[in-house]
Amino acid sequence: QVQLVESGGGLVQAGGSLRLSCAGSGRTSARYTMGWFRQAPGKEREFVAAISWSGTATTYADSVKGRFTISRDNAKNTGLLQMSSLKPEDTAVYYCAAAVTFSNKYVSEFPGPYDYWGQGTQVTVSS
């Protein structure tokens, strides 16, 4: 089992920045692809960004491309999502997720492959 805990959410004005962290614990010896998803009130959960185990492959939703940066530190079992130029439409609960993988370059934009999920952290962007 793997436990994921997000932190770093909060209230920020439009145009501002936030950095979300995802701390992993438990079965951390395995390889994991890490992803970030978000869910706004009344909407379905949507993909934000993902990064491969090696960190060499990343993918982003078009809506955040150029504004968000995903990274990871495997030695610290931590994933990061740097969010800049935030917009009110970025308001949502943000979830990190981990997918067990045998590949160094696997990434996925779909929630199905992810085996473990955090509880989420609220991000609110005011206009």
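The largest nonpolar core of this predicted model holds 35 residues, and those touching the most other members are Trp36, Val48, Phe68, Leu81, Met83 and Tyr94. A nonpolar core here is a set of buried Ala, Val, Leu, Ile, Met, Phe, Trp, Tyr and Cys residues joined through side-chain atoms within 4.5 Å. Buried means under 20% relative accessible area, with exposed over 50% and partly exposed in between (1.4 Å probe, protein chains only). In soluble globular proteins, nonpolar side chains tend to be buried together.

Which elements give two or more residues to this core? They are β1, β3, β4 (32-39), β5 (46-51), β7, β8 (78-83), β9 (92-100) and β11 (121-126). The biggest share comes from β9, with six residues.

Leaving out residues up to four places away in sequence, Phe68 touches Arg38, Val48, Tyr60, Leu81, Gln82, Met83, Ser84, Leu86, Asp90 and Tyr94. Contact means heavy atoms within 4.5 Å.

Now step back to the whole chain. It has zero helices and eleven strands, where helices (H or I, at least four residues) and strands (E, at least two) are DSSP runs, numbered from the N terminus. The radius of gyration is 14 Å, close to the 14 Å that the globule rule gives for 127 residues, so the chain is as compact as a globular protein of that length. That radius is taken over C-alpha atoms, and the rule is 2.2 Å times the number of residues to the power 0.38. Along the principal axes, the C-alpha atoms fill a box of roughly 40 × 25 × 25 Å. Of the 127 residues, 43% are buried. Among contacts between residues at least 6 apart in sequence, 61% join residues at least 24 apart.

How are the strands arranged? Four of them form an open sheet in the order β1-β3-β8-β7, with antiparallel pairing. Its edge strands, β1 (2-7) and β7 (68-73), each pair on one side only. Two strands pair if DSSP finds at least two bridges between them. Strands of a sheet pair through backbone hydrogen bonds, either parallel or antiparallel. Between β1 and β3 (residues 18-26), the antiparallel pairing runs over six bridges, and Val5 stands opposite Ala23 in β3.

A word on reading these values: residues are numbered from 1 along each chain as its sequence is written, and side-chain values use heavy atoms, with hydrogens and water left out. Because this is a predicted model, local features need pLDDT of at least 70 and side-chain atom pairs count only at pLDDT 80 or more, while totals for chains, interfaces and linings use all residues.
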